[in-house]
Amino acid sequence: MKYQTLAEAYASIERTASRLEMTDGLADLFRRTPKPAIRRVVYLTQGKLYPDYEGIEIGVAEKLAVRAVAQATGLGEAVIARRLGRVGDLGTVAEAVLVDRRRRPTLTVDEVYRALDRAARAEGTGAQAVRLAAVAGLLRRATPLEARYLIRTVTGRLRLGVGDATVLDGLAIAYAGGRGDRREVERAYNLTSDLGDVARRVALGGLAALRKTPLVVGKPIRPMLAERLSDPQDILRKVGGRCIAEYKYDGERLQIHKRGREVRLFSRRLEQVTLQYPDVVALAQRHLRVREAIVEGEVVAIDPRSGDLRPFQELMPRRRKYGIAEAARAIPTALFAFDVLAIGGRDLTGVSYERRHALLERAIAPGERFRVATYRMVTSSRTLLEFFEQAIQDGCEGLICKAPSGVYQAGARGWLWIKFKREYQSELSEPVDLVVVGAFRGRGRRAGAYGALLMAAYDHAAGRFRTVCKCGSGFTDEDLTRLVGRLRPLIRPEPDPRVETRLKPDVWCAPSLVLEVVGAEMTQSPVHTAGWNVFRKGSGLAIRFPRFTGRYRDDKGAEDATTVRQIMKMYRRRVRPTA
């Protein structure tokens with residue numbers, strides 16, 4: 001398959017802001033893709049070479065990409081850098097400087113993929129030279145349009161606005177009978193976290209092959225998510241009058257995959273974090289007494305002197321590439337397991353939670369730093385509230401209340417799990433996790449940094465990010481300095497096609513960074529788009545007096561943020577006090 005075919009499809013998708021047209025364009029591309037190539041085409045369309053959990057990134061910095069363009073064209077690096085300064089997109093620059101060099105497309109998708117794979121896997125002192133040679137070699141053979149997307153791919157800025165949801169819809173249309181079968185495609189993705197593998201299965205075997213998608217130790221399962229309520233009576237009504245209430249620890253959610261002595265750990269965002277938690281690996285080897293299992297739990301920082309639980313922020317220094325042993329000694333952890341998804345090759349996601357919990361307890365030899373999360377079977381609102389207060393006294397955020405009969409809904413949010421968390425001194429019952437989609441330049445003391453951020457909630461049904469506030473409070477000077485660096489790789493010259501906004505920030509950002517925000521109340525707004533036209537024509541919903549809590553939700557991807565549906569529920573409730 002010619003890479004030019006891929007580039008032309010990308011250009012067509014880039015020209016439209018309509019998600020339906022994007023989806024149809026993707027479906028057409030997938031139909032025209034030879035089935036042996038579909039896996040690689042899907043990865044490249046996501047701007048990657050492998051699923052995220054493999055941790056293999058192309059890793060070409062913009063400066064190195066500038067050198068590659070210069071080498072391929074014979075122009076000086078300074079010339080390319082000046083053009084980049086004017087245009088802001090190196091892919092567009094590469095296309096422009098090659099525009100007079102007419103050539104027939106000869107690059108194939110497989111050739112591009114193999115060259116980028118060599119660049120991604122290059123290590124050691126010669127890695128930069130290998131990456132430079134790989135990219136420059138592709139550009140020498142590329143057409144102008146191919147050069148645009150090659151450069152955007154290697155620098156991690158493909159800018160198509162195509163999220164996982166759009167790819168799933170495209171696969172359903174191309175291979176599974178239409179949008180109506182999207183649920184089957186999504187289920188396979190939720191069990192494997194690998195869109196390329198899902199594409200290969202459905203392309204070769206249709207829906208029948210998807211329905212046989214197995215759980216695999218070593219491939220993370222997309223996590224089940226909880227709804228939120230603040231009234232114990234409402235919680236019990238939702239789960240049928242009784243629930244298994246568990247401590248909601250203030251830590252990082254991990255998925256533990258064990259086969260024999262081999263243990264792999266994945267974060268909530270499905271990143272492999274095995275190296276960052278060698279102590280958790282050792283604990284799992286010692287306390288998980290089954291040979292093969294997939295277990296979920298919360299890793300929490302503990303005080304090395306008292307053994308008390310510490311807040312989430314104190315756990316973050318553990319997420320590093322270097323000095324891991326020193327960090328493990330300085331910040332010891334404990335793991336509290338709360339679910340088991342597979343044992344001995346048996347898929348347990350369709351089994352009731354009460355049964356899964358019993359199997360989890362049998363699978364663990366409890367110890368001081370590795371055990372099942374504290375829980376209680378609850379049938380009354382009074383007991384639930386008392387247990388909640390006990391959890392708070394023990395240093396937790398609150399409770400997770402789970403329907404005993406509930407199955408594990410991978411990748412879904414529903415009422416089988418309900419968060420019951422501590423109230424904040426705010427008319428909003430609890431903080432929300434919002435995505436940065438833009439930034440406003442600071443003035444006065446904040447000059448040179450950003451003064452406020454445009455924040456959005458995720459509309460899961462539409463695959464869109466809809467704005468809900470402009471947040472400029474709660475940031476320390478250190479936060480403001482850090483944000484400049486954290487947002488730099490996310491900056492883009494135009495809004496992401498998935499962002500729906502009526503405000504125009506000074507800088508647009510690709511939806512990626514998630515922050516925790518609290519506010520005074522939820523109100524109708526003519527400028528924010530969450531819940532647009534739902535409660536009043538020409539109005540959306542906004543958080544009044546939003547404030548950053550200081551918590552960066554690096555454990556969450558943009559599509560794991562608070563949803564528009566949740567925002568609307570908060571507005572409807574107008575926040576009732578906890579019973």
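Glu-430 sits in the loop that links β11 (413-421) to β12 (432-441). In this predicted model, Glu-430 is buried, with a relative accessible area of 5%; the cut-off for buried is under 20%. Between Glu-430 and Ala-96 there are 334 residues in sequence and 50 Å in space, taken C-alpha to C-alpha.

Helices α11 and α12 form a packed pair. Their axes come within 10 Å and cross at roughly 135 degrees. The crossing of α11 past α12 is right-handed. The residues that make the contact are listed below.

| Helix | Residue range | Contact residues |
|---|---|---|
| α11 | residues 182-192 | Glu-184, Val-185, Ala-188, Tyr-189, Thr-192 |
| α12 | residues 195-210 | Leu-195, Asp-197, Val-198, Leu-207, Leu-210 |

By type, the residues in the contact of α11 with α12 are seven nonpolar, one polar and two charged.

The largest nonpolar core has 75 residues. Within this core, the residues that touch the most other members are Phe-30, Leu-90, Leu-139, Tyr-149, Ile-151 and Leu-171. Leaving aside residues up to four places away in sequence, Ile-151 touches Ala-65, Val-69, Leu-90, Gly-91, Ala-94, Val-135 and Leu-139. Another core, of 41 residues, lies apart from the largest one. Its members include Leu-215, Leu-236, Ala-342 and Tyr-408.

Technical notes:
Residues numbered from 1 in each chain as written. Predicted model: local features only at pLDDT ≥ 70, side-chain atom pairs only at ≥ 80, totals over all residues. Heavy atoms only, no water. Axes fitted to C-alpha atoms, helices over the stretch in contact; angles between N-to-C directions. Helix = DSSP H or I, 4+ residues; strand = E, 2+ residues; numbered from the N terminus. Left-handed = near helix turned anticlockwise from the far one by under 90°. Contact = heavy atoms within 4.5 Å. Nonpolar A, V, L, I, M, F, W, Y, C, P; charged D, E, K, R; others polar. Core = buried A, V, L, I, M, F, W, Y, C linked by side-chain atoms within 4.5 Å. Buried < 20%, exposed > 50% of the residue type's maximum accessible area, 1.4 Å probe, protein only.
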